[in-house]
Amino acid sequence: MASLKQISSVMSFSGLQKVYEHQSEVLKCAMKFAIYLPPLCETKKVPVLYWLSGLTCTEQNFITKAGSQRYAAEQGLAIVAPDTSPRGCGIEGEEDSWDFGTGAGFYVDATEEKWKTNYNMYSYVTKELPTLIKEHFPVLPDKQSIFGHSMGGHGALICALKNPGMYKSVSAFSPICNPMNCPWGQKAFTGYLGPDREKWKEWDATELVKKYKGPPLSYILIDVGKADSFLEDGQLLPQNFVDACRQGNVPAVLRVQEGYDHSYYFIASYMSDHILHHSEALNG
């Protein structure tokens with residue numbers, strides 16, 4: 001059993017918000033993750049919900065800004081929030097940009113020589129981390145769901161679509177829905193995966209959903225702020241994803257929320273909706 005080092009633990013809504021550090025075999029570095037354990041954990045195992053954060057974030061952004069603990073306590077859900085990339089790997093250029101390298105792992109498994117040893121966030125999120133959580137915490141191994149924001153929304157969508165049956169439900173705030181066709185995604189995919197756009201399709205939710213053949217994912221819930229400058233700039237492209245969902249016969253609901261931007265103020269405003277969405281799939 002892999003060892004964990006507890007970094008912090010605080011009570012929140014009668015549950016415990018904890019942060020741990022461990023040595024990742026997949027990423028070849030020390031990694032931190034946060035986990036909220038609802039009060040129900042004292043008497044039984046609970047479903048687990050994974051949250052993937054966006055560019056520049058750590059495990060701290062979600063647990064301090066999203067306001068998720070109250071709703072997770074009410075619904076009896078554990079929530080796990082990992083970091084967004086490997087850190088301190090000593091790779092030339094990993095600290096040069098805010099949207100590539102450190103804090104910007106894009107939830108892919110890199111194939112380019114320079115990055116492939118460490119930048120394997122997809123395998124970390126879908127394999128190593130869930131194994132660790134099931135070994136150390138009172139969670140139900142067959143009841144997990146996933147959601148995220150921006151880059152993490154992209155991550156949540158591709159994790160669910162690439163692993164039919166692994167997650168009971170998926171949702172996203174302001175996700176990068178079609179990274180092949182936006183500047184953020186093109187920069188990340190070129191760097192981590194190389195120039196072959198055919199390979200990019202395996203990491204693009206809009207492409208993946210067209211051929212999804214797995215068990216139903218409830219419906220995919222997406223919230224986007226209408227005043228989000230990144231929506232206006234063509235970084236998110238949620239309509240492309242919704243159109244592809246129709247093509248793949250996958251139910252999706254896109255809600256464009258008037259007046260909201262890309263920030264955690266937006267996320268906190270609709271966090272209850274998303275946790276209820278997942279609770280229905282996990283506890284129903």
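Let me start with Phe100, which is buried at a relative accessible area of 9%, where buried means under 20% relative accessible area, exposed over 50% and partly exposed in between, with a 1.4 Å probe and protein chains only. Please keep in mind that this is a predicted model, in which local features need pLDDT of at least 70, side-chain atom pairs count only at pLDDT 80 or more, and totals for chains, interfaces and linings use all residues. Residues are numbered from 1 along each chain as its sequence is written, and side-chain values use heavy atoms, with hydrogens and water left out.

Searching the whole structure gives 21 aromatic pairs, a pair being rings of Phe, Tyr and Trp (its six-membered ring) with centres within 6.5 Å, called stacked if the planes are under 30 degrees apart, edge-to-face if over 60 and tilted for the rest. One of them joins Trp51 and Phe62, and because the ring centres are 4.5 Å apart and the planes at 20 degrees, this pair is stacked. Both partners are buried, Trp51 with a relative accessible area of 0% and Phe62 at 2%.

Phe100, for its part, forms a stacked pair with Tyr192, at 4.3 Å centre to centre and 25 degrees between the planes. Tyr192 is buried too, its relative accessible area being 0%.

Finally, ring pairs link Trp51 and Phe62 with Phe147, Phe173, Tyr260, Phe266 and Tyr270 into a cluster.
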